Amino acid sequence: MAPIDPQAVPAGRRADHLPIGFIVGVAVCSLVALGALAAVAAGGALSAGLGLTLALLPIPALLAAVLYLDRLEPEPRSSLVFTFLWGAGAAAVIGLIGTAAGSHMITTPALRSGGFAAASPAADIGVAVLEETLMAIALVGLLLLRPQEIDGVSDGVVYGSMVGLGFALIENIYYYTQASHYGFADVATTFVLRGVVSPLCQALFASLIGAGVAYAAVTSLRRGVWAIGVGWAAAVALHALWNSALTAGGGRLALTYAILAAVLILVVGAVIVDRQRIIGLIRRYLPQYEPTGVITASDIAMLSGLHARRQARVWARLHGGLGGLRDMSEFQLSATELALLHRRSDRGLVDDAAFAERRDGLLAAMRSATSTFLSRLRAPLRPPWAAYGQSSFQRVLKANPATSQPDQPPAQPGADLADGV
């Protein structure tokens, strides 16, 4: 292992500035989405307002669910925002093309008075291919440009879900706008059959592509490209199946939703397994840094459970305010990424120089987080997860040589607990 540079400057994804490419990408996606909304509004402000309101209803809850899955190693907000806006922009592009061509390409099956009209299998598959391909571009682009951000299935599912939710938001605006032309009954039908389920389905489909991208990220693009293809094919197949089932109704629709529910359970199960994998990496790689003083065995135990992590953040917030919460969050994230960095190094996905630079930056970030937190405390405290041990978040009091009395017997273990050290 390369020697640790104690003066390393914290570096990585918590940069103070955003890349120009990200800013341009966000601007383009936002403008495209705004253009789509303007085109919809041109057909009637009331229907457009109704469509936007109904389309927004399920999004906050689903976003919260995705972020809940992303607790162990939270992804950069910039990347999450970009993938969400990319999905919205992709849906807007399809909608604008359909509007210009005089056909609602984004709606498959097409909405007619009284419900959904049957579509040909070719149309079901064709639209599914188009939509999933546009969403896959964002995920593959993330793999090519920021491979270090994808460390496992969890990351792939999170990014895939974000791009799917962005797509569903704009897509549903088109659905509701069309339905409003046929009356309240069709708006209600659209809300039940598409409005509530569509965001979840689109997130599920794209998450399958994200899982394939994640596999390629943790192996290599050359060896894992087949996984991206499999994820894309599975997303297209499920998407086409869902589109066709909407016109069939009855038992076929129920069977389709049962299949989608089973796939959702498998995806959530994969995320849980991946979470346990990351915890195992923390326990495996971080003990070697105990001699540096940047982390202790008690800290590693705290990092190895979501409940303990949450309790540590609550404790940091209680004693250090919002700044203390940020310090604890940064420590937890940097420590987790350090373990993941070691795994990438073991797989040969990062060279020695890049590994040493990134490792030193993460260690410096951890050291900075603990020292900043300790400077916020008015009095020494013992963290609850280190009741019988030491923690890097615990200030160590040193005896004053001028007042020490070497003839006295040493203090009993745990005697310093009385004053809350």
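These legends walk through several close-up views of a predicted model.

**Figure 1. The whole chain, before we zoom in.** Start with the protein chain as a whole: it has 13 helices and 2 strands. The chain contains 421 residues, and 48% of them count as buried. Take the contacts in the chain with a separation of 6 or more: 77% of these are between residues 24 or more positions apart. The views below pick out some of these helices and a few of their residues.

**Figure 2. D274 in helix α10.** Look for D274 in helix α10, which covers residues 250–285. Is D274 buried or exposed? D274 counts as buried because its relative accessibility is 7%, and the cut-off for buried is under 20%. Two polar contacts involve its side chain. One, of 2.9 Å, joins D274 to the side chain of S154, and another, of 2.8 Å, joins D274 to the side chain of R277. If you set aside neighbours within four places in sequence, D274 is in contact with G152, V153 and S154.

**Figure 3. Helix α10 meets helix α12.** Two packed helices are described by the angle between their axes and the distance between the axes. Here the angle between α10 and α12 is about 85°, and the axes are 8 Å apart. That angle makes α10 roughly perpendicular to α12. Which residues of α10 meet α12? On the α10 side you will find R275, R277, I278, L281, I282, R284 and Y285. Their partners in α12 are L306, R309, T336, A339, L340, H342, R343 and D346. Sorted by type, the residues of this contact between α10 and α12 are 7 nonpolar, 2 polar and 6 charged.

**Figure 4. Q332 in helix α12.** Now stay with helix α12, residues 306–346, and find Q332. Q332 has a relative accessibility of 3%, so Q332 counts as buried. Which residues does Q332 touch, not counting those up to four places away in sequence? They are M302, L303, R309, A312 and R313. With R313, the side chain of Q332 also forms a polar contact of 2.9 Å. L303 is 29 residues away from Q332 along the chain, and the C-alpha atoms of the two are separated by 6.7 Å.

**Figure 5. A168 in helix α6.** This view features A168, which belongs to helix α6 (residues 153–180). A168 is buried because its relative accessible area is 0%. Beyond residues up to four places away in sequence, A168 touches S198, P199 and Q202.

**Figure 6. Helix α8 from end to end.** Helix α8 runs over residues 197–218, which makes 22 residues. How far apart are the C-alpha atoms at its ends? They are 31 Å apart, which agrees with the 32 Å that the helix should span at 1.5 Å a residue. Helix α8 is also mostly covered, with 19 of its 22 residues buried.

**Figure 7. T83 in helix α4.** Our last stop is T83, in helix α4 (residues 77–101). With a relative accessibility of 1%, T83 counts as buried. Leaving out residues up to four places away in sequence, T83 touches Y159, M162 and V163.

Conventions. Residues numbered from 1 in each chain as written. Predicted model: local features only at pLDDT ≥ 70, side-chain atom pairs only at ≥ 80, totals over all residues. Heavy atoms only, no water. Helix = DSSP H or I, 4+ residues; strand = E, 2+ residues; numbered from the N terminus. Buried < 20%, exposed > 50% of the residue type's maximum accessible area, 1.4 Å probe, protein only. Polar contact = N/O pair within 3.5 Å; in protein donor to acceptor, adjacent residues only side chain to side chain. Contact = heavy atoms within 4.5 Å. Axes fitted to C-alpha atoms, helices over the stretch in contact; angles between N-to-C directions. Parallel < 35°, antiparallel > 145°, perpendicular 65-115°, else oblique. Nonpolar A, V, L, I, M, F, W, Y, C, P; charged D, E, K, R; others polar. Expected span 1.5 Å × (residues − 1).
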